[in-house]
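Please read this briefing alongside the sequence and the coordinates.

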Amino acid sequence: MKFIDPHIHMTSRTTDDYAAMQKAGIVAIIEPAFWLGQPRTELGSFKDYYSSLIGWERFRASQFGIKHYCTIGLNSKEANNEALAEEVMDLLPMFICKEGVVGVGEIGYDDQTAAEDKYYRLQLDLAKEANLPVQIHTPHRDKKAGTIRSMEVALEHKLDPGMVIVDHNNEETVRDVLDRGFWAAFTIYPNTKMGNERMVEIVKQYGSERIIVNSAADWGISDPLAVPKTASLMLEKGISIADIHKVCYQNALDSFGQSGQMKESDWLENTTIDQSQKLFNNSILRGGQLPTIGEIRTNPIFDSNIIR
């Protein structure tokens, strides 16, 4: 069984994470542009960050046999710096049509301020113009109201719900999202938010249509193996292989694949890696380390100690 993690911030992770993810069966990932933990203070830092998502990080993933995609956007926290946000809005059209960009995201609300609303709406219009999926960050506070507001604004801007992935859902929001025809994505964090035991119960209750599992692993306490671990638990709890495949692979491909930038053949037809390669004359290797060159080998996921 193969997996896609459609929301993971690999800029924050190590090469050991990439190696473990590949062994656990993760073949493709999507890295949304996000908040780096402290506010950026000038446009150049956004430009370099977006460039790294379509450049170095894409290359770094390839060195472990993982196909890397990203979504590009102005995150909700930094939308509150309006002077800088205006500059970022001028920058975004330069990046959203780059190779490997599968959507505009992650965007939406944090404190649900007027500035956040303004730049969320502008980015929805940008996504609609470019015919790209939208990846929505729902707020951690007052989540249900913020989730409903996110969807209502998207509909107000005439977006097709099938082009919008609403992320960070929980039991309180899932029915509203599914009933409105949006994709419902769930972040699996250790000991908080949506744990994998709770995720199992959601799939049992709602099925696998338009439901997506991701890790959102970042610089905080998080788990880059959350998707395969959740899949393993689902199997143990009696959920069918077909449903596991949908929520941990196919639904991510179907939703973000609407960008035209993400195809299954991207990883099925490219089954070799060459760690002797360089980008900007840089390598993932250090010192006398020997490159791995050859066929990608993935452990059978449900027999691997990696996910236990």
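What follows sets out the basis of the values and then the two topics in turn.

This is a predicted model, in which local features need pLDDT of at least 70 and side-chain atom pairs count only at pLDDT 80 or more, while totals for chains, interfaces and linings use all residues. Residues are numbered from 1 along each chain as its sequence is written, and side-chain values use heavy atoms, with hydrogens and water left out.

- Thr-71 sits in strand β3, which spans residues 67–72; strands (E, at least two residues) and helices (H or I, at least four) are DSSP runs, numbered from the N terminus.
- Thr-71 counts as buried because its relative accessibility is 0%, where buried means under 20% relative accessible area, exposed over 50%, and partly exposed in between (1.4 Å probe, protein chains only).
- The side chain of Thr-71 makes a polar contact of 2.8 Å with the side chain of Gln-135, and a polar atom of the Thr-71 side chain also lies 3.4 Å from the backbone oxygen of Gly-105.
- A polar contact is a pair of N or O atoms within 3.5 Å; within protein, one must be able to donate a hydrogen and the other to accept it, and residues adjacent in sequence count only if both atoms are side-chain atoms.
- Leaving aside neighbours within four places in sequence, the residues in contact with Thr-71 include Ile-30, Leu-53, Val-102, Gln-135 and Phe-256, contact meaning heavy atoms within 4.5 Å.

**Salt bridges**

- Side chains of opposite charge can pair when their charged atoms come close.
- The whole structure contains 20 salt bridges, each defined as a side-chain nitrogen of Lys or Arg within 4 Å of a carboxyl oxygen of Asp or Glu.
- Arg-180 and Asp-176 form one of them, at 3.4 Å from N to O; Arg-180 is partly exposed because its relative accessibility is 30%, whereas Asp-176, at 17%, is buried.
- Lys-246 and Glu-209 are joined by a salt bridge of 2.2 Å, N to O, and this pair links distant parts of the chain, with Lys-246 in helix α10 (residues 241–256) and Glu-209 in the loop between α8 (196–206) and β9 (211–214), 37 residues apart.
- Lys-246 has a relative accessible area of 21%, so this residue is partly exposed.
- Lys-229 and Asp-223 meet at 2.7 Å, N to O, in a further salt bridge; Lys-229 is partly exposed at 24% relative accessibility, and Asp-223 is buried at 17%.
- Salt bridges that share partners also join Lys-77, Asp-110, Asp-111 and Arg-141 into one network.
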